[in-house]
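Okay, thanks everyone. Let me put the model up and walk you through a few spots in it.

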Amino acid sequence: LFAMSVAVIAQPGSGTLKTLTLKSTVLGEDRIVLVRTPAGYETNKLSYPVLYMTDGDAHIGHTSSSIEFLVQNGRMPDLIVVGVTNTDRTRDLTPSKSTTKNDAGQVQFPTSGGADNFLKFFETELIPEIEKQYRVQPYRILAGHSFGGLFAIHALISKPRLFNSYIAVSPSLQWENGEELKRADDFFKNQKEMRTTLFVSIGNEPGAIGTSFDSFKELLSKTNINGFEWQAERMADEDHGSVVLRSHYFGLRKVYEGWQGPRDMKSGAVLGGLQGAEAHYKKLSDKFGYPIPVPENLINQMGYQFLADGKPEEAIAVFKANVERYPGSANVYDSLAEAYEREGKIDLAAPLYDKARILGQQNDDPNAAVFKANSERAQTKLKETQTTKKQ
């Protein structure tokens with residue numbers, strides 16, 4: 001079904017971007033799909049949630065960077081990002097035929113109204129193939145802008161179980177006199193329980209699109225659906241084009257709200273230590289529907305917090321736990337080595353630094369040069385220590 005093109009772009013620190021061609025029977029045409037996998041995907045065995053986006057070529061770059069930033073700061077897990085590029089954008093993203101006519105009396109959007117067919121393409125071709133080709137978790141997010149935002153809301157009320165969360169930016173809910181608003185109103189009135197998150201936003205956009213956004217926000221405010229979480233934001237200092245970057249950032253923050261867990265207000269340390277983190281990520285696992293371990297970088301932060309507090313034994317215990325949980329990571333060995341080195345145990349630190357160097361090189365880790373320098377320095381220090389003892 002997929003034919004992989006020759007365009008494979010390595011992006012140090014932010015994963016790899018591949019261009020795929022899908023021969024779609026549903027759409028009767030070839031579709032170009034961009035797939036961004038996280039850094040280390042090729043060498044680890046982890047599975048990831050998937051973010052599907054319309055207008056993929058326009059938004060996959062800045063969205064991937066936002067994901068990387070949020071992951072580095074412990075705000076969300078890393079994602080596979082799938083961006084679908086356009087052939088006939090109006091056809092695919094609008095839910096009904098347009099009746100609007102131009103000055104010549106001709107229908108302004110003659111190919112419109114193919115959103116249901118495009119949704120079928122997602123459901124029966126795109127998603128199954130992505131889940132066949134890639135290691136994925138059973139959690140899907142859909143993001144779209146303008147007509148794509150309209151499509152995201154249409155997907156929510158047409159196939160509510162196809163995706164778990166939705167980010168609808170400047171949705172064109174004014175389409176065909178707001179008929180999608182009416183459908184949404186009927187849909188939400190009939191829902192009692194729905195484990196879904198929706199983030200919807202708009203910039204400084206007057207006229208029908210702004211009015212329809214306000215109507216949709218009012219509609220959402222009247223919902224009382226168990227498990228349904230939503231947020232609607234008007235970003236007054238953005239316009240229709242610029243609003244996307246911030247919306248994807250804040251939309252992902254909403255989807256993964258509470259990901260970090262409770263922290264001490266003064267120190268920033270995770271309350272309850274490693275056991276507290278375990279309990280928190282058990283709750284997240286229940287919420288998102290798949291096992292979510294305590295992230296490597298969070299355990300690493302705990303270890304360094306103990307070092308900063310003058311508790312090296314506790315730090316070493318935490319770093320050891322991270323090695324046991326993430327044996328394929330270079331950084332866990334480097335951190336444990338640093339803790340031993342600070343305690344004057346260079347004989348224990350040196351082989352761990354070397355392990356980090358080897359894994360860093362194998363994994364094409366962005367910090368491979370740092371791991372190599374640490375290993376070389378530790379080996380030199382170890383030799384000096386051994387020489388001193390012999391004397």
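The buried residues of α10 are Ala315, Ile316, Val318, Phe319, Ala321, Asn322 and Val323, where buried means under 20% relative accessible area with a 1.4 Å probe and protein chains only, exposed is over 50%, and partly exposed is in between. Those residues pack against α8 (273–288), α9 (296–308) and α11 (330–342); contact here means heavy atoms within 4.5 Å.

Quick caveat: this is a predicted model, with local features needing pLDDT of at least 70 and side-chain atom pairs counted only at pLDDT 80 or more, while totals for chains, interfaces and linings use all residues. Numbering runs from 1 along each chain as its sequence is written, and side-chain values use heavy atoms, leaving out hydrogens and water.

Back to α10: this helix covers residues 312–325, 14 residues, and spans 20 Å from first C-alpha to last, close to the 20 Å expected, that is, 1.5 Å times one less than the number of residues. Helices are DSSP runs of H or I, at least four residues, numbered from the N terminus.

Now, the core. Which residues touch the most other members of the largest nonpolar core? Ile141 and Tyr256, out of 59 residues. Apart from that core lies another, of 55 residues, including Phe121 and Leu220. A nonpolar core is a set of buried Ala, Val, Leu, Ile, Met, Phe, Trp, Tyr and Cys residues joined through side-chain atoms within 4.5 Å.

Leaving out residues up to four places away in sequence, Tyr256 touches Pro49, Arg75, Met76, Pro77, Leu79, Tyr139, Ile141 and Phe288.

Last one: Ser112 sits in the loop between α2 (89–93) and α3 (115–133), and is buried at 2% relative accessible area.

Definitions and conventions: Helix = DSSP H or I, 4+ residues; strand = E, 2+ residues; numbered from the N terminus.
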